[in-house]
Amino acid sequence: MSKNDSRIKDFAAQNQSIQSYVESTFQTEDPVLREVRNRSIQNGLPDIQIASTDARHLEILVRLSGAKKIVEIGTLGGYSGICLLRGGGPESFLHTFELEKKNAAVAQESFDQHGFTSQVKIHQGPANENLQSIESEGPFDLVFIDANKKGYPEYARWAAEHLKKGGVLIGDNTFAFGKINADTFESPLEEEITLHLREFNEYVASSGLFRGTILPTGEGLTVGIKL
Ligand SMILES: C[S@@+](CC[C@H](N)C(=O)[O-])C[C@H]1O[C@@H](n2cnc3c(N)ncnc32)[C@H](O)[C@@H]1O
């Protein structure tokens with residue numbers, strides 16, 4: 001079973017036949033996304049892109065919000081980036097931040113092969129060191145976080161400062177792989193990741209800067225609207 005298999009992303013969507021129904025009815029992974037996922041894996045990238053149903057959720061959230069100036073933290077091979085750009089349409093632009101050189105190269109290929117070259121800039125390196133390079137282009141319409149969990153609270157504070165009023169902050173994996181409200185942990189790393197994600201959720205919930213919720217997707221998708 002691959003890590004992307006929807007059967008293991010079931011903290012909220014417990015009924016697998018319903019999950020399969022959504023995937024097949026809405027064709028959440030079309031040939032473009034399948035090509036990106038397969039080529040990423042062939043190039044040795046980890047199989048950890050967003051689930052196809054969440055990819056569609058992202059596209060729909062971008063469409064609903066009308067976002068055009070979009071920031072992503074955690075590019076991997078460009079799978080979710082393509083969904084963000086599909087949602088934003090031809091007028092949109094994506095700044096996407098990726099730590100690993102190899103991942104950034106695969107993502108560039110993905111954007112080039114599928115017609116998004118002029119709509120995206122990949123910033124390779126640690127996001128917390130590179131985000132400031134785009135600040136003069138803000139405020140932004142939407143920030144999507146899907147990278148190192150330790151960084152989530154800092155990225156959320158950055159988003160609060162650089163999103164427009166009414167802008168959207170989205171964070172993936174915010175059920176902490178099922179541990180978000182756990183009292184005990186299998187390892188110190190699991191506890192550490194969970195505490196960072198709790199801090200992120202609590203910031204969106206109660207800093208007074210956002211109106212938010214967690215959409216109960218398989219992985220948990222925190223969404224906050226900047227007040
Ligand atoms: C879960 S993957 C992103 C998946 C991608 N959003 C998708 O669904 O197609 C997380 C990515 O964050 C990157 N990453 C980890 N730490 C980072 C950092 N400090 N700055 C930028 N990217 C980072 C990893 O290299 C990895 O490619």
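How are helices H2 and H4 oriented to each other? In this predicted model, the two helices are roughly antiparallel. Helix H2 covers residues 31–42, and helix H4 covers residues 79–88. Their packing angle is about 155 degrees. An angle over 145 degrees counts as roughly antiparallel, and H2 and H4 are therefore placed in that class. The axes of H2 and H4 are 9 Å apart. The crossing of this pair is right-handed. On the H2 side, the contact is made by Val 32, Leu 33, Val 36 and Arg 37. On the H4 side, Tyr 79, Ile 82, Cys 83 and Arg 86 take part. Six residues of this contact are nonpolar and two are charged. None is polar.

Helix H2 also packs against helix H5, which spans residues 101–113. The axes of H2 and H5 come within 10 Å. They cross at roughly 155 degrees, which means that H2 is roughly antiparallel to H5. This crossing, too, is right-handed. H2 contributes Glu 35, Val 36, Arg 39 and Ser 40 to the contact. These residues meet Val 106, Glu 109, Ser 110 and Gln 113 of H5. The contact of H2 with H5 divides into two nonpolar, three polar and three charged residues. Val 36 of H2 takes part in the contact with H4 and also in the contact with H5.

A further helix pair consists of H1 and H3. Helix H1 runs over residues 16–26, and helix H3 over residues 52–65. Their axes lie 10 Å apart, at an angle of about 60 degrees. H1 is therefore oblique to H3. The crossing of H1 and H3 is left-handed. Gln 19, Val 22, Glu 23 and Phe 26 are the H1 residues of the contact. Their partners in H3 are Ser 52, Thr 53 and Arg 56. By class, the residues of this contact are two nonpolar, three polar and two charged.

The model also holds a ligand, surrounded by 21 residues. The closest are Ile 50, Gly 74, Ser 80, Glu 98 and Asp 146. Ile 50 uses its backbone: one of its polar backbone atoms is 2.7 Å from an oxygen atom of the ligand. Ser 80 uses its side chain, with a polar atom 2.8 Å from a ligand nitrogen atom. For Asp 146, an N or O atom of the side chain is 2.8 Å from a nitrogen atom of the ligand.

Two points of backbone geometry were also found. Most residues other than glycine have a negative phi, and most peptide bonds are trans. The peptide bond between Gly 138 and Pro 139 is cis, with omega about 0 degrees. Pro 139 sits in the loop between helix H6 (127–130) and strand S4 (140–145). Asn 173 is not a glycine, yet its phi is positive, at about 70 degrees. Asn 173 belongs to the loop between strand S5 (163–172) and helix H8 (188–206).

Key. Residues are numbered from 1 along each chain as its sequence is written. This is a predicted model: local features need pLDDT of at least 70, side-chain atom pairs count only at pLDDT 80 or more; totals for chains, interfaces and linings use all residues. Side-chain values use heavy atoms; hydrogens and water are left out. Axes are lines fitted to C-alpha atoms, for helices over the stretch in contact, and angles run from 0 to 180 degrees between N-to-C directions. Helices (H or I, at least four residues) and strands (E, at least two) are DSSP runs, numbered from the N terminus. Angles under 35 degrees count as roughly parallel, over 145 as roughly antiparallel, 65 to 115 as roughly perpendicular and the rest as oblique. A crossing is left-handed if the near helix is turned anticlockwise from the far one by less than a right angle, and right-handed if clockwise. Contact means heavy atoms within 4.5 Å. Ala, Val, Leu, Ile, Met, Phe, Trp, Tyr, Cys and Pro count as nonpolar, Asp, Glu, Lys and Arg as charged, and the others, Gly among them, as polar. A residue is near a molecule or strand if one of its heavy atoms lies within 4 Å of it. A polar contact is a pair of N or O atoms within 3.5 Å; within protein, one must be able to donate a hydrogen and the other to accept it, and residues adjacent in sequence count only if both atoms are side-chain atoms.
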